[in-house]
Amino acid sequence: MPSHNRATPQFKRTAGLFLEVGPVVIDVEDDDTFVSLFKRTLPRVLLAMRFTRPGTTTAAHNRAYEVLLNFVNVSFAPFNGWPTRVEWVHAGSGDRAHALRLQVADFGASGSLTLHFDFNEAAFTAAQRQYAVRDVLRLVDVFLERPTAAIAEPPWLNEAEHARLVG
């Protein structure tokens, strides 16, 4: 979630948006669709953003998660008459406890998603990373094409893939 996250004098002079990991737990029900899950998730996220205080998470807290998903859809008005541009800038490193961090961005509300996969290479082989990217892209395609599709019966998987996932 967005956070001012300016706890030190050095960071108080740093321009930009900082993010902080804040957990939101949502149970996926058997009859959930992408839309129903989103409708239950959004109020919880907004509530967390309203009441969570910056600096409340720690490195140990962040390591409790193996997979992080971050969706960023921001745009900024011109700054003193100058147009603004938003882009994802990767810090160049991540927490080793995270197996995968996926940043999904739609800067400027363009309707065009950019996915940034940040794999912990110790957790995934090259082939597994390739399959993960393929599967996430298939999932996004289904979500965009069929938002009322049931999550429990993933139509993007063939029988063998579904059996492997369930097993």
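**Exercise 1. Is aspartate 135 buried or partly exposed, and at what relative accessibility?**

The model is predicted, so that local features need pLDDT of at least 70 and side-chain atom pairs count only at pLDDT 80 or more, while totals for chains, interfaces and linings use all residues. Residues are numbered from 1 along each chain as its sequence is written, and side-chain values use heavy atoms, with hydrogens and water left out.

Step 1. The classes are set by relative accessible area, where buried means under 20%, exposed means over 50%, and partly exposed lies in between (1.4 Å probe, protein chains only).

Step 2. Aspartate 135 has a relative accessibility of 21% and therefore counts as partly exposed.

**Exercise 2. Determine which residues are linked with aspartate 135 in a network of salt bridges.**

Step 1. A salt bridge requires a side-chain nitrogen of Lys or Arg within 4 Å of a carboxyl oxygen of Asp or Glu. Side chains of opposite charge can pair when their charged atoms come close.

Step 2. Aspartate 135 forms such a bridge with arginine 134, whose closest N and O atoms lie 2.8 Å apart from those of the partner, and another with arginine 138, where the closest N and O atoms are 3.6 Å apart.

Step 3. Aspartate 135 and arginine 138 are separated by about one helical turn, because they are three residues apart in helix 4 (residues 126–145); helices here are DSSP runs of H or I with at least four residues, strands are runs of E with at least two, and both are numbered from the N terminus.

Step 4. Arg134, Asp135 and Arg138 are thus linked in a network of salt bridges, in which arginine 134 is partly exposed at 30% and arginine 138 is partly exposed at 23%.

**Exercise 3. Identify a negative patch and a nonpolar patch on the surface.**

Step 1. Patches consist of residues with over 30% relative accessible area and no salt bridge, like charges being joined within 9 Å and nonpolar side chains (Val, Leu, Ile, Met, Phe, Trp, Tyr) within 5 Å.

Step 2. Asp27, Glu29, Asp30 and Asp31 form a negative patch, and of these residues glutamate 29 lies in the loop between strand 2 (18–19) and helix 2 (34–51), with a relative accessible area of 42%.

Step 3. The nonpolar patch is formed by Phe38, Leu42, Leu46 and Met49, which together have about 370 Å² of accessible area (Shrake-Rupley method, 1.4 Å probe). Methionine 49 is found in helix 2 and is partly exposed at 38% relative accessibility.

**Exercise 4. State how many helices and strands the chain has, and in what pattern they follow.**

Step 1. The chain has five helices and five strands, arranged along the sequence as β-α-β-α-α-β-β-β-α-α.

Step 2. Of its 167 residues, 21% count as buried.

Definitions and conventions. Lys and Arg count as positive and Asp and Glu as negative; His and the chain ends are not counted. The place of a charge is taken as NZ of Lys, CZ of Arg, CG of Asp or CD of Glu.
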